Amino acid sequence: MSVVDFLIVGGGLAAATAAETLRAEGAQGTIAMLAAEAVLPYHRPPLSKDYLLAPKLRDSLFIHEETFYRDHGIEVLLGTRALRVDPKQKRVETDRHGGFGFKTLLIATGARPRRLSVPGAERDGIFYLRTWADAEALRAAMGEARRAVVVGASFMALELTASLIRKGIATTVVAPTDTLYCRLESPEFSAFIAEYFEARGATILFEDRLSRIEGGRRVEGVATHGGRTLPCDLLAIGIGVEPDIGFLKDSGLLLDRGVVVDAHLETNRPGIYAAGDCARFFDPVFKRYRRIEHWDNAVKQGRIAARNMLGRRRSYRTVSYFFSDVFDLGFTVVGDLRDADHRIVRGSMAVPAHRPRDPGEGPSFSILYLKDRALRAALLVNRPVLDQKAVGALILNRVDLANIQPKVADPAFPLERAATQTVLILQGGGALGAFECGVVKAMEEKGIYPDLVAGISIGAFNAAIVASHPRQAGPALEAFWHDLSLATPPASSEALRRWLASSQALLFGSPKFFYPRWWKPVLHPAQWPVFWTSFYDTSPALELLRRHIDFQRLKTSPVRLLAGAVNVETAELDTFDSFIDELTPAHILASGSLPPGFPWTVVDGKPYWDGGLVSNSPLDLVIESDGLSNKKVYIVNLYPVRQSLPRNLAEVLTRRDEIVYAEKIRRSARVSELIKNFRDLVEQLMQALDPAVAEQIRQRPNYIETMGETCTAAIVRFVHEGEPGESAAKDYDFSRHTIEEHIAHGYRLAKERLEREI
């Protein structure tokens with residue numbers, strides 16, 4: 001039996017993406033894919049559309065050429081189906097190649113079409129479209145057919161209907177429901193689509209089902225429960241799919257309408273993951289288990305699963321997209337439509353009397369789905385990419401639309417205005433974090449309140465207080481810093497006073513934050529200094545955080561919190577997100593666990609150090625989590641970027657830390673220029689395409705997410721330039737007098753800066 005380091009069961013998009021990502025992320029060892037089909041992994045969406053009409057597109061469907069897998073050491077076993085999985089023995093049995101052992105396993109077997117169970121369902125000429133072979137067989141039958149029946153009201157059923165009609169085949173749709181696309185829960189859109197299809201020659205029979213399929217060896221017609229008899233040369237079925245997980249029946253894996261996985265796509269058995277159409281995952285954006293059967297989801301989950309197979313901590317942190325094309329109409333669905341309590345229709349849903357010559361003249365509208373005044377989902381038909389990008393941001397950031405619903409209903413109102421955010425960025429810097437308290441006080445006096453606050457280290461402490469006390473953070477921060485500050489003896493000069501205060505914290509710690517290990521009695525050899533991994537113990541900080549951060553309020557706060565910490569084992573900067581994660585005091589402390597002073601903090605079984613080791617610029621977290629478009633960003637810099645040359649070794653060390661921890665965007669000007677050039681090139685290529693094709697591409701999730709970031713943020717900086725008497729030990733001077741000076745300094749500077757802004 002071969003033992004594979006990374007075994008992937010499945011040969012679709014999620015599987016291929018996972019294999020590619022494993023190598024791209026530096027995976028060492030063997031990778032093998034068990035692909036049930038006889039062809040390399042390919043893109044499925046074109047099968048029901050262009051490929052049926054233009055088979056010359058065959059080669060463009062492949063995700064990668066054969067040489068890619070060979071060059072990257074990825075073994076693809078075609079025509080090989082898994083028969084059973086034994087998690088205890090870490091073994092997979094196959095139908096053609098015996099058994100495989102594995103160290104880490106990914107299940108990405110996708111879904112299979114639901115089958116009809118009516119008399120005559122075994123006849124030839126009945127087509128279910130899922131695989132390349134299915135498409136080949138259907139395309140061949142379309143060459144001879146004159147009449148067709150399509151069963152179903154799903155996306156697949158209607159895409160097939162459009163392709164059949166474009167081929168010149170008279171087509172009747174038998175819909176078991178009273179609406180088309182019933183999963184969209186929109187009678188308005190169903191009526192629009194019905195009229196749209198009928199204008200192009202389709203016949204639609206609502207609320208009817210097949211009772212039998214007639215003919216000899218081959219289908220010749222169908223009979224319905226409504227008493228209709230419909231002659232046809234071919235019958236296409238689009239009544240949905242179900243996860244292809246029969247081989248997992250006795251595996252011990254948790255199965256419930258899919259392979260049940262957590263937010264990190266891991267099953268109930270450690271080291272076994274699932275992704276794509278077969279995975280029923282916990283979606284932290286919508287706080288429920290979901291299974292998504294679409295291209296975009298397969299790509300994203302394939303990447304997430306691969307990174308977690310390498311020991312990372314990644315979860316599904318984006319709003320889901322899916323798209324469809326029928327005739328010259330493309331549309332996108334964003335988010336989760338379930339449980340919406342209100343819909344807003346933007347634009348006219350009238351079907352044009354004459355077929356438009358240009359896609360820009362065609363129908364353009366959207367339907368917004370709200371729950372508790374916040375956007376949950378949207379259906380967008382030929383809408384600008386900025387609208388589609390804004391919808392994703394509105395959903396992810398839980399924007400309350402109550403006060404602007406009348407504006408939102410106007411299709412001329414740019415949705416990106418509703419998605420505009422105020423962002424507060426807080427750096428780490430120990431005791432200097434009190435300066436941030438003063439800045440927040442000044443901002444609140446001016447009526448400036450963040451929608452999103454991101455912090456690193458002590459900035460994460462402050463940020464968590466801000467997020468858990470929306471619009472009332474100033475007093476809460478002052479209480480925190482007063483509680484944290486120390487009483488220290490007076491001195492003959494300010495410089496001496498600060499030096500003595502820093503020395504006191506260095507030798508004796510801060511009772512409510514940290515205490516030295518050298519004052520603890522040594523009761524066991526494991527406590528000897530040679531085994532220390534830090535100089536101080538930070539356990540008192542957990543109680544301090546519980547006292548000043550309302551973690552229950554944080555779960556429902558309209559202010560989103562992002563905090564960064566670096567995984568000690570992988571060196572990866574992880575983001576803790578209050579809209580995604582169940583945050584605890586350990587998450588916040590992890591962001592401030594700066595070695596060698598402080599020990600790592602364990603969160604979900606993983607050890608974390610201070611995020612400032614990788615980046616003390618939480619602006620990076622915002623860019624990576626939510627982009628920069630349509631944002632007013634306020635950044636508090638605790639370490640100045642520019643400073644005079646140091647005059648002694650102490651100042652050299654201080655300046656070194658200032659450079660390391662200063663705010664800087666890692667995306668350099670050169671990278672930004674390359675990104676702009678790339679977008680310009682894409683738009684030039686789009687202009688060269690057929691307008692209808694270009695419009696369909698603009699509905700694709702990867703186009704929306706890549707091209708929708710068209711503007712940069714407006715940034716206001718509050719820079720702590722230093723105060724009289726500050727020493728090289730300024731970041732651990734927690735004396736009450738110094739803390740009050742930091743707060744006052746931050747308040748004065750921010751007030752002056754904001755006066756100039758206004």
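Two strands are said to pair if DSSP finds at least two bridges between them. Helices (H or I, at least four residues) and strands (E, at least two) are themselves DSSP runs, numbered from the N terminus. The structure is a predicted model, in which local features need pLDDT of at least 70 and side-chain atom pairs count only at pLDDT 80 or more, while totals for chains, interfaces and linings use all residues. Residues are numbered from 1 along each chain as its sequence is written, and side-chain values use heavy atoms, with hydrogens and water left out.

Strand S27 (residues 452-456) has a partner in strand S30 (residues 560-567); the two run in the parallel sense and are joined by five bridges. Within this pair, Ala454 stands opposite Leu562 of S30. Strand S27 also pairs with strand S26 (residues 421-426), again in the parallel sense, over four bridges. Here Leu426 is the residue opposite Gly455 of S27. Between S26 and S27 the chain passes through helix H11 (residues 434-445), and this β-α-β crossover is right-handed. The term right-handed applies if, with the strands pointing away from the viewer, the path from the first strand over the helix to the second runs clockwise.

Burial was computed with a 1.4 Å probe on protein chains only: buried means under 20% relative accessible area, exposed over 50%, and partly exposed in between. Strand S27 is largely enclosed by the rest of the structure, because five of its five residues are buried. In a regular strand the side chains alternate between the two faces of the sheet. In S27 both faces are covered: Leu452, Ala454 and Ile456 are buried on one side, and Val453 and Gly455 are buried on the other.

Val299 is part of helix H7 (residues 295-309) and counts as buried because its relative accessibility is 9%. Leu13 is 286 residues away from Val299 in sequence, yet their C-alpha atoms are 6.5 Å apart in space. Not counting residues up to four places away in sequence, Val299 touches Leu13 and Thr17. Ser510 lies in the loop between helix H14 (494-508) and strand S28 (515-516). At 1% relative accessibility, Ser510 is buried, and with the sequence neighbours up to four places away left out, Ser510 touches Leu484 and Leu486.

Most residues other than glycine have a negative phi, and most peptide bonds are trans. Asp372, in the loop between strand S24 (365-371) and strand S25 (374-381), has a positive phi near 55°. Asp372 is exposed, since its relative accessibility is 60%. Arg471, in the loop between helix H12 (458-468) and helix H13 (473-484), also has a positive phi, near 65°. With a relative accessible area of 59%, Arg471 is exposed. Pro595 and Pro596 are joined by a cis peptide bond with omega of about -5°. Pro596 lies in the loop between helix H17 (585-591) and strand S32 (601-603).

Methods: Contact means heavy atoms within 4.5 Å.
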